[in-house]
Amino acid sequence: MKAESNLEKVIDAGHFAVTAELGPPMSSAGGVVREKADILRGYADAVNITDCQTAVVRLSSIASAAILLQEGVEPVMQMTVRDRNRIAIQADILGAAALGIKNCLCIAGDHQSFGAAGKLSGHPGAKNVYDIDSIQLLDILRKMRDESVQQGGDPLECPTPLFIGAAWTPMGDPVDFRIVRLAKKVAAGADFIQTQGIYDVKQFADVMEHVRHRGLHEKTAILAGIIVPKSAGMLRYMNASVAGVSVPDELIKRFPKVAKDASPEEKKAARAKSQEIGKQIAVELIEQVREIEGVRGVHIQAIEWEPAVPDIVKAAALLPRPTVAPTDTDAPDPSVDSAS
Ligand SMILES: Cc1cc2nc3c(=O)[nH]c(=O)nc-3n(C[C@H](O)[C@H](O)[C@H](O)COP(=O)(O)OP(=O)(O)OC[C@H]3O[C@@H](n4cnc5c(N)ncnc54)[C@H](O)[C@@H]3O)c2cc1C
């Protein structure tokens with residue numbers, strides 16, 4: 001065992017793992033994180049805290065992860081290389097480990113121009129850092145954990161116990177390049193992988209064949225990304241604008257069409273129907289990716305719609321989540337007399 005996190009134990013015990021994403025608020029409202037923790041508790045083995053996703057300022061992933069710990073929910077802290085150099089990242093990782101955070105997802109981060117792509121202003125003029133890339137970050141974390149050494153060579157007084165993850169975009173040409181990226185991430189230290197959202201399961205299954213051919217599914221635990229669709233418009237946007245995401249037309253056509261001059265009641269009814277269809281599609285995707293050899297779990301991203309997660313996990317027959325018995329190192333030390 002590397003970090004003794006619940007996620008690591010669930011994966012290690014051979015269970016089909018479930019992680020879910022929690023998006024922190026764009027303010028200091030820690031209560032929002034607590035409310036979302038309440039919604040997700042018991043429905044995922046660990047909950048990912050995004051790190052200023054889409055390059056918009058949010059309550060930090062470290063602080064949000066610490067709040068999750070207080071709430072009895074295991075966090076996966078996400079850490080981008082966009083906003084911090086290697087000194088800041090390592091300092092934050094040490095701080096996170098000191099707080100009891102045991103899982104970390106190493107990612108590049110959305111480009112700062114993304115923040116201004118929607119209705120928000122974001123910070124498109126911000127300077128990005130990219131002092132290191134996501135693969136170097138994996139390598140740094142692995143050495144902090146396994147060799148108790150900082151990237152610059154200075155020793156750490158104690159190891160930094162972390163179960164280390166990476167994001168991976170399996171689809172998009174050229175596929176060979178995608179496999180090489182995965183292999184590099186695994187070699188650098190990725191204990192687990194959370195993929196970009198999968199909608200074209202056939203295409204993903206083909207990529208997984210290459211993964212199995214290289215034996216990578218045995219060296220890391222691949223959790224397939226399930227981004228819960230909310231509308232045809234969302235799927236069309238993702239298909240057109242998110243690199244490596246391809247959405248089959250049949251999925252888009254399942255959502256109701258809403259006439260431009262529809263009444264507010266008609267729009268409300270269409271929204272409710274779309275939500276049901278979106279959850280149903282997520283359940284079907286989970287069932288399909290589960291059949292693919294080498295997929296060891298799912299990462300459910302409901303994107304600011306956390307209340308959908310319990311319904312999906314339940315409908316996909318993923319309850320109850322396993323309780324993994326403590327390992328020997330978790331057990332009380334018999335040499336310590338509890339009565340004294
Ligand atoms: C599960 C998941 C969670 C995420 N969470 C967040 C978050 O919390 N905050 C946030 O800001 N973003 C987040 N993202 C977005 C993500 O960081 C970006 O989409 C990133 O561009 C791709 O993922 P990565 O971090 O693994 O990138 P990397 O694998 O590090 O690659 C970064 C980019 O560079 C490209 N690239 C790498 N090497 C080369 C090369 N040699 N030549 C050409 N192109 C290259 C890659 O294709 C990719 O587009 C998340 C993505 C996923 C899948």
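Predicted model: local features only at pLDDT ≥ 70, side-chain atom pairs only at ≥ 80, totals over all residues.
## Helix α3 and its strands

Helix α3 spans residues 61-70.

## Ser 61

Ser 61 belongs to helix α3. Is Ser 61 buried or exposed? Ser 61 counts as buried because its relative accessible area is 1%, and the cut-off for buried is under 20%.

Which residues does Ser 61 touch, leaving aside those up to four places away in sequence? They are Ile 49, Thr 50, Asp 51, Met 77 and Gln 78.

## The barrel

Eight strands form a closed barrel. Their order is β1-β2-β3-β4-β5-β6-β7-β8, and the pairing is parallel. From one strand to the next, the twist averages 30 degrees.

One pair can be followed in detail. Strand β3 covers residues 75-80, and strand β4 covers residues 103-107. Five bridges join these two parallel strands. Met 79 sits opposite Cys 106 of β4.

## The ligand

There are 19 residues around the ligand. Gln 78, Arg 82, Ala 108, Ser 134 and Lys 185 come nearest.

An N or O atom in its side chain is 2.7 Å from a ligand oxygen. The side chain of Arg 181 places an N or O atom 2.8 Å from an oxygen of the ligand. Asp 110 uses its backbone instead, with an N or O atom 2.9 Å from a ligand oxygen. On its own, the ligand has 930 Å² of accessible area, and the protein covers 68% of that.

Definitions and conventions
Residues numbered from 1 in each chain as written. Heavy atoms only, no water. Pairing = 2+ DSSP bridges. Helix = DSSP H or I, 4+ residues; strand = E, 2+ residues; numbered from the N terminus. Axes fitted to C-alpha atoms, helices over the stretch in contact; angles between N-to-C directions. Contact = heavy atoms within 4.5 Å. Buried < 20%, exposed > 50% of the residue type's maximum accessible area, 1.4 Å probe, protein only. Near = heavy atom within 4 Å. Polar contact = N/O pair within 3.5 Å; in protein donor to acceptor, adjacent residues only side chain to side chain. Areas by Shrake-Rupley, 256 points an atom, 1.4 Å probe, with all protein chains shown as cover.
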